[in-house]
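Let's take a friendly walk through a protein model together. Keep the sequence and the 3D view side by side as you read.

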Amino acid sequence: MHIGVCLPNYGRASSPEAIRHVAQAAEDLGFDSVWTTDHVLVPEAHYEPYGRIFETWTALAYIAGQTRRVRLGTSILLLGLRNPVLVAKQAATLDQLSGGRLILGIGAGWLAQEFENLGVSFRRRIRFLEEGIALMRTLWASPRPRFHGRFFHIEDAIFEPLPLQPGGPPIWIGGNTEAAVRRAARLGDAWHPVGLDPETLRERIARLQEWAGGRSLPVICRMYVALDSTLPPIYTSPTGERRMRLTGSPEQVLEGLQALRAAGAEGVILTFEAPTAEAQIEQMRRIADLRPHLG
């Protein structure tokens with residue numbers, strides 16, 4: 001079971017030292033991947049937790065030079081806020097510099113004011129996102145790309161260096177909605193939902209497999225985890241969704257992870273609800289001790 005760790009690149013406790021220490025601890029403890037969270041310019045109402053945030057590509061490039069083995073991912077990059085040509089170049093560069101370790105998790109975004117703050121259309125974000133995926137794959141496939149879409153037309157261009165991973169880094173499609181599942185089935189290399197309970201996850205994986213038309217798509221969930229906490233196992237997301245977190249004793253967290261695996265998840269990316277990097281690393285050590293029971 002793939003187990004990754006979200007880096008503290010956002011929130012009051014975020015700092016260069018916190019990001020570095022957690023990433024290096026993740027590698028030392030045998031975790032499979034480390035991940036940044038992405039926002040750029042949220043409104044005041046969302047200062048907690050996204051007002052203080054280290055930019056995702058810069059943070060990953062920093063960590064690429066501080067680690068050697070763990071894979072590096074975005075969970076998730078809001079592609080609709082960015083030019084996909086620039087994202088493709090950043091991804092190819094980071095993939096080369098990291099030795100082919102990048103995983104590109106992307107999503108549509110949900111905070112309309114953030115799009116407005118960047119002068120980007122929130123209404124058109126889905127069409128922009130889907131064309132952006134096709135465009136990035138075209139750029140990663142040839143140093144002399146050509147592309148004709150609704151938003152982008154490329155005739156005379158050079159794209160080098162290509163990513164180290166043939167065809168580019170895997171694209172994990174984020175989102176919990178039926179539309180996101182369909183998008184993952186059509187365009188993604190994996191589906192990356194957040195906080196789904198095992199029963200709901202099982203139902204949506206069945207739909208994913210149906211819509212994927214025979215393609216085998218892994219499912220890797222992002223889950224919040226709080227060891228020895230009295231936080232309730234069910235919480236409401238900023239979008240109003242009902243979500244599940246892993247909380248309680250290590251044995252209870254293990255049961256939750258095993259239930260997700262039984263529902264069809266091939267991995268989890270863990271966001272630790274901890275006040276400091278040191279507290280997160282301590283929780284990571286205890287989760288690492290559970291690894292033999294998960295395969």
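This is a predicted model: local features need pLDDT of at least 70, side-chain atom pairs count only at pLDDT 80 or more; totals for chains, interfaces and linings use all residues.

## Cysteines without a bond

Searching the whole structure turns up zero disulfides, a disulfide being a pair of cysteine sulfur atoms within 2.5 Å. In general, a disulfide is a covalent bond between the sulfur atoms of two cysteines.

Residues are numbered from 1 along each chain as its sequence is written, and side-chain values use heavy atoms, with hydrogens and water left out.

## Buried or exposed

Here "buried" means under 20% relative accessible area, "exposed" means over 50%, and "partly exposed" is in between (1.4 Å probe, protein chains only).

| Residue | Relative accessibility | Class |
|---|---|---|
| Cys 6 | 3% | buried |
| Cys 221 | 0% | buried |
| Gly 4 | 0% | buried |
| Arg 123 | 65% | exposed |

Gly 4 is part of strand β1 (residues 2-6); strands (E, at least two residues) and helices (H or I, at least four) are DSSP runs, numbered from the N terminus. The C-alpha atom of Gly 4 is 23 Å from that of Pro 238, and the two residues are 234 apart along the chain.

Now find Arg 123 in the loop between α5 (112-117) and α6 (125-141).

## Backbone details to look for

Most residues other than glycine have a negative phi, and most peptide bonds are trans. Where do cis bonds turn up in this model? One joins Glu 48 to Pro 49, with omega near 5°, and Pro 49 sits in helix α2 (residues 47-50). Another runs from Glu 160 to Pro 161, with omega near 0°; Pro 161 is placed in the loop between β6 (153-154) and β7 (171-174).

What is the phi of Asp 228? Its value is near 55°, which is positive in a residue other than glycine. You can find Asp 228 in the loop between β9 (220-227) and β10 (234-236).
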